[in-house]
Amino acid sequence: MSAPLSSVAVVGLQWGDEGKGKIVDLLSARADLVVRFQGGNNAGHTLVVEGEQTVLHLIPSGALHARSVCVIGGGVVVDPGVLVEEYEGLRKRGLLSDPGALRISQEAHLILPYHKAIDLAREHARGKGKIGTTGRGIGPAYEDKFARIGIRMADLCDPGVFAAKLRENLEEKNAYLAAMLDQGGLDYRSMLDELSGYASKLAPFVCDTSALLDHALRDGKRVLFEGAQGMMLDVDHGSYPFVTSSNTGAAGIAAGAGVAPKLVKTVVGISKAYTTRVGSGPFPTELDDDTGEHLRRAGGEFGATTGRPRRCGWFDAVVLSKAVRLNGVDSIALTKLDVLTALPSIQICTGYKLDGYSIDAIPAQVADYERVEPVYEQWPGWEEDISGVGSLDELPERARNYICRLEELLGVPVGIVSTGPGRDQTLILSDPFAG
Ligand code: IMP
C-alpha cells in the first residue's frame with residue numbers, strides 16, 4: 001500500500017430505510033468515489049438539499065457532489081431503463097456532468113422485464129404468504145446470476161451476444177410464466193429494441209470497476225461504500241425468508257465491489273432511533289397503536305420506492321447487537337432522533353422472551369421469531385424541539401441519556417446524530433474519514 005488507506009462503509013443495521021442516503025450524501029462531500037455494491041432499484045435513498053428532495057434508486061448518493069465519482073459495482077443488479085432515466089434526470093439538473101462521474105461494472109447483472117414479471121406474479125400467487133417485495137425483479141435477477149444464466153452489463157454492450165442470450169433466456173422464462181404462473185409471454189423483438197437503446201446510452205460508462213477501485217484505494221483516494229437495505233434484510237443473516245436477495249452488510253462489499261476485504265477500513269452502521277420495516281415478516285417491537293401512528297406521521301414513514309406505509313416500532317437492541325457484531329461496526333449514525341420528541345416515554349427492547357424463557361438472540365426459524373415477546377426498559381421522553389440543534393450539549397438531558405443507553409447496550413459509540421432531513425440537521429461527533 002503506497003498511501004494510507006481511507007475507506008468508509010455505510011451500512012443499514014435494521015430493516016432498511018435507516019436514512020443511509022442522507023449520511024452518505026454528507027460523507028460524500030469528502031469522498032473521491034462513492035460505491036454501491038449490492039441490491040438494485042429496490043432501494044430508495046432520499047436526500048434533502050436546500051429544501052429540494054431527491055430520491056435515488058440506483059446511482060450512489062454521491063451524485064449530488066461534483067467531486068465524487070459514482071460507481072455501480074458488480075454485485076448490484078441493474079435495471080437498464082431505470083438507470084438511464086435516473087442518469088438523465090440528474091444530468092438535466094446539471095449533476096454528473098463530468099463524463100467520468102459515473103462508472104458501471106461490466107460484471108453487474110441485468111434486471112430484465114421477465115424478472116419483474118416473475119417477481120410480481122409470484123407475489124400475487126403467494127397471497128397472504130407474500131414477502132412484500134418491491135416488485136422490481138430483484139430476487140429473480142439474483143436467481144439467474146447464481147444459476148449462471150444471468151446477462152451482464154458486458155453482454156448488454158455486445159449486440160450479438162446480448163441478442164442471443166436474451167432470446168435463449170426469454171424462451172425459458174416465457175415457458176415458466178405460462179406453466180407455473182398463468183401469465184402471458186413477453187415479446188422478444190420489442191424487448192430487444194428497447195434494451196438496445198439503453199445499451200448505447202450506458203456503454204460509455206461500463207468498465208472494470210474492481211480495478212478502478214483497487215487503484216483508487218491504493219493511491220489513498222477516499223472511497224465510500226454505500227449499503228442499500230439493512231442487515232435484517234440480508235439473505236444470509238436477516239429474517240429469512242422475509243429478506244432481500246443480496247448480502248446487505250459490510251461482508252457484501254468485497255464480493256460486490258470487487259475489492260479485497262482488508263481494504264474496507266471503517267464501518268459506520270446506520271440506525272434509526274426507533275425501528276421501521278416495509279413488507280411482511282417478523283417485527284417484535286412493532287406498534288399497532290397511536291404511538292406507532294405518531295412515529296409514522298412524524299417520521300414521514302412511507303416507502304421511497306413503493307410509497308407503502310412503513311410498519312413502526314421501538315428500538316430493538318437485540319437486532320442492533322447482531323448487526324453491530326456482523327458488520328464490525330466502528331460507530332453508529334443515529335437518525336431521526338427528532339421523531340421521538342414529544343413522546344411521554346420511550347421504550348428500548350433489550351431482549352426477547354420465547355415460551356416464557358429469556359433469549360438474547362434471534363431465533364433462526366421465522367415461526368419462532370414471529371412469536372417472541374420483546375422485553376422493554378422504559379426511558380423518559382423530552383418535549384423540546386431538537387431539530388437543528390448545533391451540538392450534543394444543546395440536546396435535552398433526556399435525549400442525551402437515551403443516546404448513552406444505546407451506546408452502553410451496543411458497546412460502540414454514536415458518532416453521528418441526525419435531527420432532521422436537511423444536511424445542516426446533523427451532529428458529526430466523529431468524522432469517519434479521520435480514523
Ligand atoms: P425485494 O428486495 O424487492 O426482493 O424485497 C424483499 C424485502 O426487502 C421486502 O420486504 C422489501 O420491502 C424489502 N426491501 C427491499 N429493499 C428495501 C429498501 O431499500 N428498504 C426497505 N425495505 C426494502
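This is a predicted model: local features need pLDDT of at least 70, side-chain atom pairs count only at pLDDT 80 or more; totals for chains, interfaces and linings use all residues.

## Around the ligand

Residues are numbered from 1 along each chain as its sequence is written, and side-chain values use heavy atoms, with hydrogens and water left out.

Here are the ligand contacts side by side.

| Residue | Protein atom | Distance to a ligand oxygen atom |
|---|---|---|
| Thr134 | N or O atom in the side chain | 2.6 Å |
| Arg308 | polar side-chain atom | 3.0 Å |

The protein covers 96% of the 470 Å² of accessible area that the ligand has on its own (Shrake-Rupley method, 1.4 Å probe; for residues, only the protein chains shown count as cover). There are 16 residues around the ligand, and Asp17, Asn42, Thr134, Thr244 and Arg308 come nearest; to be near, a residue needs a heavy atom within 4 Å. By class, that shell has seven nonpolar, seven polar and two charged residues (Ala, Val, Leu, Ile, Met, Phe, Trp, Tyr, Cys and Pro are nonpolar, Asp, Glu, Lys and Arg charged, and the others, Gly among them, polar).

## Sheet and hairpin

Now for the strands, which are DSSP runs of E with at least two residues; helices are runs of H or I with at least four, and both are numbered from the N terminus. Ten strands make up an open, mixed sheet in the order 9-7-5-2-10-1-11-15-19-20. Strand 9 (206-207) and strand 20 (426-428) stand at the edges with a single partner strand each, so one side of each has no neighbour in the sheet. Pairing here takes at least two DSSP bridges between two strands. Strand 2 (residues 33-36) and strand 5 (residues 69-72) run parallel and are joined by four bridges, with Val35 partnered by Val71.

Five bridges pair strand 3 with strand 4 (residues 52-56) in the antiparallel sense, and Val49 has Glu52 as its bridge partner. Two residues lie between the strands of this hairpin, and Glu50 takes a positive phi near 45°.

The structure holds four aromatic pairs (ring centres within 6.5 Å, with the six-membered ring used for Trp; planes under 30 degrees apart are stacked, over 60 edge-to-face, the rest tilted). One of them, Trp15 with Phe283, is tilted, at 5.5 Å centre to centre and 45° between the planes. Trp15 is in the loop between strand 1 and helix 1 and Phe283 in the loop between strand 12 and helix 10, so the pair ties together parts 268 residues apart in sequence. Trp15 is buried at 2% relative accessible area, and Phe283 is buried at 7%.

Why is helix 11 (residues 317-327) largely enclosed by the rest of the structure? Because eight of its eleven residues are buried, among them Val318, Lys322 and Asn327. Asp316 caps the N-terminal end, with a side-chain oxygen 2.9 Å from the backbone nitrogen of Val318. After helix 11 comes Gly328, with a positive phi near 60°.

Conventions:
Buried means under 20% relative accessible area, exposed over 50%, partly exposed in between (1.4 Å probe, protein chains only). A polar contact is a pair of N or O atoms within 3.5 Å; within protein, one must be able to donate a hydrogen and the other to accept it, and residues adjacent in sequence count only if both atoms are side-chain atoms.
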